[in-house]
Amino acid sequence: MAGKVLTITSGKGGVGKSTTTANLALGLALLGKKVVAIDLDIGLRNLDMILGLENRIVYDVVNVVEKACKIKQALIKDKRTDNLYLIAAAQTRDKSAVKPEQVIELTDELKKEFDFILLDSPAGIEGGFRNAMLPADEVIIVTTPEISAVRDADRVIGILEANNKKEMSLIINRVNPTLVKKGDMMSKDDVLQVLSIPLIGVVPEDENIVSYTNIGEPSILHPNSQSGKAYKNIVQRILGKDVPFMEIVEKKGLFEKIISFFKE
């Protein structure tokens, strides 16, 4: 059975797209699926660092498509599971170094061996986005609940529809219930009203994400991480499981905890 290409993209940069790719790739691999994650953000390599594999890179995706190495030589095996591999982006080249037909050829070859090929797309709608969009069997769009990010995501959805990419789903990332309650952040329903595509996950804001990135351990590895729990649920939904959406609740400050204690 041929593997499936999932492209993870966004309209705006900085919404947590590469973090999402790392968590979903690792989550699928930990459930026994054979997965390869490809960083197509040429010139801005991040996925290797989030996965903690930056010291193992010898060849990158540009070397592969230019036939300077074999695909197997560029596959970097994960430290935690035999099921996950990474093909890193090139840091010294730009997005014009890779063409869509080369990515399609690469993913067609990888489909023979892997259950899932996750493409970490550059943000925006330029050439790099086209490289990641055209091979996709399904596209996951990541946005934060901010007007500018949602507006850019809407533009990306329009381009995907114009290119007959009908299998789309949405992850709303970094949701802060306190800001939503105060009206300073869009709610889940507000975002869905604008974008009108199926929701596959809502990920709460996680103050530990920077720490996890610094040590190369995606939050899905941390049992007490709320964002990690949300990513685990998304992985189950990718696999076709009917998993209820978790409730994202406000964190109580010290003063509120003291008041709550005396009320109990």
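Which residue in E7 is the bridge partner of Ile-140? The partner is Ser-169, and this pairing belongs to the sheet described below.

## Model and confidence

The structure is a predicted model. Across the chain the pLDDT averages 91, and 94% of the residues score at least 70. Confidence is highest in strand E4 (residues 84-87), at a mean of 98, and lowest in helix H12 (residues 254-263), at 51.

Over residues 260-264 the pLDDT falls below 50, and this stretch has 1 contact in the model beyond near neighbours in sequence. Where pLDDT is low, predicted coordinates should not be read in detail.

## The sheet

Eight strands form an open sheet with mixed pairing, in the order E3-E4-E2-E5-E1-E6-E7-E8. Its edges are strand E3 (76-77) and strand E8 (199-204), each of which pairs on one side only.

Within this order, strand E6 (residues 138-143) and strand E7 (residues 168-175) pair in the parallel sense over 5 bridges. The bridge between Ile-140 and Ser-169 joins these two strands.

## Helices on the sheet

Helix H11 (residues 226-238) packs on the sheet, where it touches E1, E5, E6, E7 and E8. The direction of H11 makes about 170° with that of E8.

Helix H5 (residues 100-110) lies across strand E1 (4-9), strand E2 (35-39), E4 and strand E5 (116-120).

## Salt bridges

The model contains 11 salt bridges. One of them joins Asp-48 to Arg-45, with the closest N and O atoms 3.5 Å apart. Both Asp-48 and Arg-45 are buried.

Another salt bridge is formed by the side chains of Lys-67 and Glu-105, at 3.0 Å from N to O. Lys-67 lies in the loop between helix H3 (61-65) and helix H4 (71-74), whereas Glu-105 is in helix H5, so the pair ties together parts that are 38 residues apart in sequence. Lys-67 counts as exposed because its relative accessibility is 60%, over the 50% cut-off. Glu-105, at 47% relative accessibility, counts as partly exposed.

The side chains of Asp-137 and Lys-111 also meet in a salt bridge, at 3.5 Å from N to O. This pair links distant parts of the chain, 26 residues apart: Asp-137 is in the loop between helix H6 (127-133) and E6, and Lys-111 is in the loop between H5 and E5. Asp-137 is partly exposed, with a relative accessible area of 35%. Lys-111 has a relative accessible area of 16% and is therefore buried, the cut-off being under 20%.

Lys-17 is found in helix H1 (residues 17-30). Is this residue, Lys-17, buried or exposed? Its relative accessibility is 9%, so Lys-17 counts as buried under the 20% cut-off.

The side chain of Lys-17 reaches the backbone oxygen of Ser-121 at 2.6 Å. Leaving aside residues up to four places away in sequence, Lys-17 touches Ile-8, Thr-9, Ser-10, Asp-120, Ser-121, Pro-122, Ala-123 and Val-142.

Key:
Residues are numbered from 1 along each chain as its sequence is written. This is a predicted model: local features need pLDDT of at least 70, side-chain atom pairs count only at pLDDT 80 or more; totals for chains, interfaces and linings use all residues. Side-chain values use heavy atoms; hydrogens and water are left out. pLDDT is the predictor's confidence in each residue, from 0 to 100. Helices (H or I, at least four residues) and strands (E, at least two) are DSSP runs, numbered from the N terminus. Contact means heavy atoms within 4.5 Å. Two strands pair if DSSP finds at least two bridges between them. Axes are lines fitted to C-alpha atoms, for helices over the stretch in contact, and angles run from 0 to 180 degrees between N-to-C directions. A salt bridge is a side-chain nitrogen of Lys or Arg within 4 Å of a carboxyl oxygen of Asp or Glu. Buried means under 20% relative accessible area, exposed over 50%, partly exposed in between (1.4 Å probe, protein chains only). A polar contact is a pair of N or O atoms within 3.5 Å; within protein, one must be able to donate a hydrogen and the other to accept it, and residues adjacent in sequence count only if both atoms are side-chain atoms.
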